[in-house]
Amino acid sequence: MASVARRNSPWRHVDWGLAVAAVAVSCFGLLMIYSATRGSLASEGLDPHYYLKRQAVFLVVGVAVMVIAMVVDYRRLQDFAPVFYIGSVLSLLLIISPLGHRSRGSQAWFQLGPYQLEPSEFAKIALIIGLASFCAYYRGKLGGRELAIVLALAAVPFFLIYKQPDLGTALVLGCILIGVLLVGGVRGRHLALIGAIGVLAVAAVLHFGVLQKFQQQRLTAFLDTSSAGQASYNLDESKLAISSGGVSGQGLLKAPLTNLSYVPEQQTDFIFTAVGEQLGLIGSALLLAMFVLMVWRTWRAATTARDTTGTLICVGVLAMFVFQIFENIGMTMGIMPITGIPLPFMSYGGSAIVACFAAIGLVLNVQMRRYS
């Protein structure tokens with residue numbers, strides 16, 4: 001009996017390739033964060049390992065959260081989807097209250113001693129679980145009424161995150177919504193209507209000046225750098241750093257633009273520039289290959305899932321990762337708007353990396369229970 005139980009254990013079906021890829025990219029991110037920050041910290045007389053040590057702690061916490069997300073059967077998690085959703089909405093409400101911490105023009109964090117907690121990162125996970133559970137329940141009969149409920153569920157965190165303001169994360173929520181609806185059985189005419197509403201909303205936002213000036217500059221910098229202010233400088237330095245890497249790069253820890261901190265926010269939004277300058281096309285291609293591996297394994301988990309809920313959870317995670325990877329790397333090269341979206345597992349930030357590992361944990365959860 002014991003041997004049969006071991007053979008049927010879901011832990012025998014863990015996708016170690018996906019788990020190892022996530023940890024490997026995160027460890028590579030540690031190295032890039034150190035390379036991007038050691039020079040500026042040393043010049044200020046600070047510990048050059050400051051960001052490295054903090055991100056290492058976040059990585060360990062993230063792996064622990066990934067394991068926890070694997071332990072509890074995802075089919076039980078869906079019973080708590082309303083709890084996750086309501087909890088995320090309440091945290092977002094508290095963020096825009098006096099309890100939230102304001103920094104660099106945004107009020108998106110709770111200040112917890114020396115650390116900051118960003119609820120919007122975990123709102124992505126809550127929305128994935130919530131949308132997957134709701135759409136799976138109405139699979140095949142997702143009519144106009146049900147679609148309106150889904151849109152309302154997504155609109156609440158979208159609006160609260162936009163108010164911080166954090167347009168980038170709000171766009172990620174939109175991509176999660178579209179991804180889940182595409183696979184969740186939404187009718188074609190409803191999807192076309194959503195697309196038309198989205199186009200009209202974007203046009204209205206740009207026409208009526210809803211966005212703040214710095215947001216407009218960041219979104220349009222890749223189209224016209226002549227009048228984009230600080231965003232134009234960020235983009236110019238970013239493209240210069242990547243192009244200077246050439247095929248093989250300047251060498252690990254030897255890149256002048258990275259060492260002299262020419263690229264603003266290089267350890268967070270623009271971490272890919274450190275890869276491009278130091279390791280060139282070869283190193284960048286290897287990083288992209290690791291991301292492709294993670295995307296493929298996530299898609300495979302979606303196609304082999306035992307039920308619709310599992311499929312939609314994986315699709316939601318897939319939509320989140322694909323959009324963030326494409327948008328982040330694209331904005332550093334000047335082919336996408338600058339939105340402040342972190343590069344998964346690479347950019348500095350505790351909330352972001354923990355949320356990414358939680359997402360991977362959900363995918364592993366679905367994959368390892370495909371036979372049970």
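A: What follows is a look at helix H15 and the two helices described against it. The model is predicted. H15 covers residues 350-368.

Start with helix H3, residues 50-71. H3 and H15 pack at an angle of about 25°. Their axes are 7 Å apart. Angles under 35 degrees count as roughly parallel, so H3 is roughly parallel to H15. The crossing of the two is right-handed. On the H3 side, the contact includes Gln 55, Phe 58, Leu 59, Gly 62 and Met 66. On the H15 side, Gly 350, Ile 353, Phe 357, Gly 361 and Asn 365 are among the residues involved. By class, this contact has 16 nonpolar and 5 polar residues, and no charged ones.

Now helix H2, residues 16-43. H2 has 28 residues and reaches 41 Å from its first C-alpha to its last. That is close to the 40 Å expected at 1.5 Å a residue. H2 also bends, by about 40° at Thr 37. Gly 45 follows H2, with a positive phi near 75°.

H2 packs against H15 at an angle of about 170°, with the axes 10 Å apart. Angles over 145 degrees count as roughly antiparallel, so H2 is roughly antiparallel to H15. From H2, the contact uses Leu 18, Ala 19, Ala 22, Val 23 and Ser 26. From H15, it uses Ile 353, Phe 357, Ile 360, Val 363 and Leu 364. By class, 9 residues here are nonpolar, 1 is polar and none is charged.

Conventions. Residues numbered from 1 in each chain as written. Predicted model: local features only at pLDDT ≥ 70, side-chain atom pairs only at ≥ 80, totals over all residues. Heavy atoms only, no water. Axes fitted to C-alpha atoms, helices over the stretch in contact; angles between N-to-C directions. Helix = DSSP H or I, 4+ residues; strand = E, 2+ residues; numbered from the N terminus. Parallel < 35°, antiparallel > 145°, perpendicular 65-115°, else oblique. Left-handed = near helix turned anticlockwise from the far one by under 90°. Contact = heavy atoms within 4.5 Å. Nonpolar A, V, L, I, M, F, W, Y, C, P; charged D, E, K, R; others polar. Expected span 1.5 Å × (residues − 1). Bend = angle between axes of the 7 residues up to and from the residue.
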